[in-house]
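Okay, thanks everyone, I'll keep this short. Let me put the structure up and then walk you through it.

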Amino acid sequence: MFRTSDIVLIAVMVSAAALTYKTKREAEDQLAAVQKLQAQIRYEEDTIDLLKADWSLLTQPARLQKLAEIYKSQLGLEPLNARQIGGLDDVPVKPVNIEDLSSQRLGGMADNSGKEPPAGKDPVVTGSTVQ
């Protein structure tokens with residue numbers, strides 16, 4: 001009736017069909033996830049466009065001028081006179097204070113080439129501060 005090779009081939013075909021079905025199912029799940037992410041991206045882009053439109057509306061100079069006039073007493077705003085704008089000559093000069101650093105001990109190149117190294121250590125010239 002059935003030979004051993006027939007049974008083995010049927011088992012291979014069934015396992016291949018199962019693998020194909022599993023792969024197809026995983027691909028469909030991944031496609032659904034990608035579509036969901038694309039929908040979220042479109043939603044966020046639409047939100048950004050809406051917020052930009054709102055910002056543009058809120059920062060219109062005519063609207064800001066009306067609000068400044070309405071709330072002038074609370075904000076304490078006054079128009080700017082041309083005489084209020086000054087030049088560089090009107091700005092006071094900050095005095096320059098230079099400290100004398102020549103008397104202080106500063107970091108420098110450590111040079112121990114003239115000294116004998118301690119026992120078991122190599123003579124090293126490094127960029128660290130003078131010890």
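When I quote an accessible area today, it comes from the Shrake-Rupley method with a 1.4 Å probe. With that in hand, the protein chain exposes about 13,000 Å², and carbon and sulfur atoms supply 60% of that area. Keep in mind that this is a predicted model.

So what does the chain look like overall? The secondary structure comes to three helices and zero strands, and from the N terminus on the elements run α-α-α. How much of the chain is buried? Of its 131 residues, 1% count as buried.

A word on confidence. The mean pLDDT of the protein chain is 83, and 76% of its residues reach 70 or more. Among the helices, α1 has the highest confidence, at a mean of 96, while α3, residues 72–75, has the lowest, at 87.

Now for the charges. How many salt bridges does a search of the whole structure find? Two. In one, the side chains of lysine 24 and glutamate 28 meet, at 3.6 Å from N to O. In the other, glutamate 28 pairs with arginine 25, and the closest N and O atoms are 3.2 Å apart. Put together, Lys24, Arg25 and Glu28 are linked in a network of salt bridges.

Why can these residues reach each other? In general, side chains of opposite charge can pair when their charged atoms come close.

Lysine 24 is partly exposed at 49% relative accessibility, arginine 25 is partly exposed at 42%, and glutamate 28 is partly exposed at 35%.

Last stop, the nonpolar side. Which residues form a nonpolar patch on the surface? Phe2, Ile7, Ile10, Met13 and Val14 do, with about 550 Å² of accessible area together.

Methods. Residues numbered from 1 in each chain as written. Predicted model: local features only at pLDDT ≥ 70, side-chain atom pairs only at ≥ 80, totals over all residues. Heavy atoms only, no water. Salt bridge = Lys/Arg side-chain N within 4 Å of Asp/Glu carboxyl O. Buried < 20%, exposed > 50% of the residue type's maximum accessible area, 1.4 Å probe, protein only. Patch = residues over 30% accessible without salt bridge, like charges linked within 9 Å, V, L, I, M, F, W, Y side chains within 5 Å. Helix = DSSP H or I, 4+ residues; strand = E, 2+ residues; numbered from the N terminus. pLDDT = per-residue confidence, 0-100.
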